[in-house]
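Please read it alongside the sequence and the model.

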Amino acid sequence: MCGIVGYIGNKPVYDILINGLKKLEYRGYDSSGIMIYNQKPLVKKAKGKVSDLEKLFVNSADKQGYLGIGHTRWATHGPPNQINSHPHTSNSGEITLVHNGIIENYDSIKKILTQKGYVFHSDTDSEVLVNLIEDIKKTKNVKLGKAVYFALKQVIGAYAIVVFDSKNPKEIVGARLGSPLAIGLGDSEYYFGSDATPFLEFTKRCIYLNDNEMFIVNMKKGLTLREIKRDSIIDPYIEELKQNIEEVEKGGYDHFMLKEIFEQPHSIIDTFRGRLLSYNQPISISSLKKHFEEFKNAKRIIFISCGTSWHSSLLAEYYFEELLRIPVEVEYASEFRYRNPVINKGDIVIPISQSGETADTLAAIKMAKEKGAFLYGICNVVGSSIARETHTGVYTHAGSEIGVASTKAFSCQISLLLLMALNLGQKLGTLDQKRYYRIIQELEKLPETIKTVLKSDPIVESISEKYLDAENFLYLGRGYNFPIALEGALKLKEISYIHAEGYPAAEMKHGPIALIDENMPVVVIATRKGNYHKVVSNIMEIKARGGQIIAVVSKGDVEIEKLADHIIEIPDCNELIAPILANIPLQLLSYHIANKKGCNVDQPRNLAKSVTVE
Ligand code: M6R
């Protein structure tokens with residue numbers, strides 16, 4: 001996690017760094033710092049938000065300069081405090097570095113440097129790296145670029161770094177392995193960022209560094225890109241970014257999360273664009289068309305992912321097994337990578353990730369690739385590491401998701417997964433034609449249907465007020481709605497800090513029912529199709545024990561209305577589409593509870609948007 005920014009050029013750097021860090025705060029927000037070079041490097045760091053860092057710049061002279069680097073931190077080594085925050089400076093004060101990642105062998109390097117007389121002030125691995133670079137530069141008598149190169153050959157771990165040497169103030173050096181780093185190309189100026197958002201308003205020309213690549217930007221010589229393992233110069237691949245700045249701003253909403261919830265009709269349109277043309281035209285997903293044989297011959301499909309994306313994977317299991325009749329397994333990437341899974345020829349591994357940077361998912365992909373699996377990635381962030389590491393795949397096109405709690409990305413993932421399953425099921429002949437057309441017709445209207453669901457916001461908000469003091473919540477669902485119960489519980493706990501558990505409704509009587517009393521709110525997803533009557537029985541069991549029931553039901557339901565304390569209606573729809581709709585009131589419920597409790601909805605404690613450490 002952590003966010004990195006940097007700039008070298010002809011513009012005053014202070015605003016570029018501060019505004020860039022604010023855009024990257026979703027990556028980590030426990031402390032931040034910047035270095036501005038103006039005749040000499042000036043480093044300022046603060047515990048807390050970027051707004052706390054800004055308060056340190058009372059003197060306008062401190063803001064002067066045309067070169068700088070900055071960092072917003074999600075602590076790995078050492079607590080969030082001023083000393084541990086970045087940038088870190090070498091013992092001589094000449095070299096400054098910002099780092100995102102983990103240097104695993106920092107302790108042994110630290111011991112060697114300590115014996116050589118280096119002194120360390122922080123608990124971080126990053127301070128070790130900057131001093132290693134300094135040591136190499138001095139002992140080998142090389143320039144910064146070479147020193148960084150030799151240092152990276154020694155370190156084990158993951159990194160995106162941007163480094164500056166005040167002895168050569170016309171140059172910035174950077175590198176990546178495992179953590180993202182992008183370079184924005186302006187007119188005789190260069191921007192650096194963990195993603196492109198810090199420089200999106202200035203330039204759309206961008207280079208995403210690949211693993212094992214490093215750059216040297218020199219104001220006289222321009223940009224040089226090198227492959228570290230082969231130590232060779234490579235040609236940069238310049239991308240023309242399509243994102244625009246409005247996407248990464250709040251647009252009148254109080255929080256990104258709320259904006260992103262309300263963006264969902266539009267996001268789904270983008271997900272379906274060019275793929276679902278109209279109900280009487282075939283679904284067109286080019287990577288599925290190209291790799292149809294792999295799916296046709298697949299013995300098994302394994303979904304790997306983390307967090308919310310894991311919930312999408314779980315729903316995909318229901319969709320794919322139902323519509324394709326191919327066995328599916330769903331794995332936490334973090335477990336999959338560390339056991340010795342059986343992967344056979346003909347297995348398809350599908351990683352799902354919003355950010356495309358999740359360390360465990362990325363590592364699991366590499367492992368599955370080595371074992372010979374065919375990797376089909378589903379990512380939101382275009383050009384992300386996971387998108388590049390997989391053999392092929394598909395983008396969700398949900399747009400930038402800034403709120404740490406995943407909302408629109410999840411809806412786009414599950415809508416796309418349903419579309420994929422329908423496409424493959426129809427081509428494989430495992431799906432009845434009439435059923436296919438019935439679902440497609442409803443799917444075409446999904447953006448409009450979601451707009452209807454969003455109208456329930458005032459009802460959900462008024463329900464939320466009654467549960468601000470709840471200490472626990474249960475979420476129950478069956479069949480297609482079971483993954484939604486898990487997702488609803490995750491959403492509530494991550495932003496409101498209320499303990500919440502999701503369960504398959506029938507599992508309740510195998511343990512969780514013991515928890516139910518008048519203080520236990522239970523959210524039940526009880527849409528009309530599927531196991532409706534069984535869920536009604538579960539609701540009665542909760543009622544009999546005094547639990548408070550918030551039920552998400554299909555419009556026109558009269559049975560549950562009599563039992564539940566609150567009902568939230570969604571349009572009556574096909575049971576495969578119901579989970580996509582039922583999830584939305586649960587997003588709103590979490591949002592309103594967290595917001596009314598005064599929690600930081602977009603940046604909940606201890607979390608970061610992109611989990612680039614294992
Ligand atoms: O970017 P990814 O989809 O790979 O991220 C996986 C999880 O870290 C993520 O879904 C996390 O659980 C969200 N904060 C949940 O809202």
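## A loop threonine, an enclosed helix and a ligand site

The side chains of Thr124 and Ser122 are joined by a polar contact of 2.8 Å, a polar contact being a pair of N or O atoms within 3.5 Å, where within protein one must be able to donate a hydrogen and the other to accept it, and residues adjacent in sequence count only if both atoms are side-chain atoms. This is a predicted model, in which local features need pLDDT of at least 70 and side-chain atom pairs count only at pLDDT 80 or more, while totals for chains, interfaces and linings use all residues. Residues are numbered from 1 along each chain as its sequence is written, and side-chain values use heavy atoms, with hydrogens and water left out.

Thr124 is placed in the loop between helix 3 (106-115) and helix 4 (125-140), helices being DSSP runs of H or I with at least four residues, numbered from the N terminus. Its side chain also reaches the backbone nitrogen of Glu127 at 3.1 Å. Thr124 is buried, with a relative accessible area of 2%, where buried means under 20% relative accessible area (1.4 Å probe, protein chains only). Leaving aside residues up to four places away in sequence, Thr124 touches Arg73, His77, Asn84, His88 and Tyr106, contact meaning heavy atoms within 4.5 Å.

Helix 7 (residues 264-272) is largely enclosed by the rest of the structure, because seven of its nine residues are buried. These buried residues are Gln264, Pro265, Ser267, Ile268, Asp270, Thr271 and Phe272, and they pack against helix 6 (256-262), helix 14 (408-428), helix 15 (433-444), helix 16 (446-454) and helix 20 (578-596). Gly274, with a positive phi near 75°, follows helix 7.

The ligand is surrounded by 15 residues, the closest being Ser309, Ser353, Ser355, Thr358 and Glu494; a residue counts as near if one of its heavy atoms lies within 4 Å of the molecule.

| Residue | Protein atom | Distance to ligand oxygen |
|---|---|---|
| Thr308 | backbone N or O | 3.0 Å |
| Ser309 | side-chain N or O | 2.6 Å |
| Ser355 | side-chain N or O | 2.6 Å |

Taken alone, the ligand exposes 410 Å², of which the protein buries 91%, with accessible areas computed by the Shrake-Rupley method with a 1.4 Å probe.

Methods. Helix = DSSP H or I, 4+ residues; strand = E, 2+ residues; numbered from the N terminus. Buried < 20%, exposed > 50% of the residue type's maximum accessible area, 1.4 Å probe, protein only.
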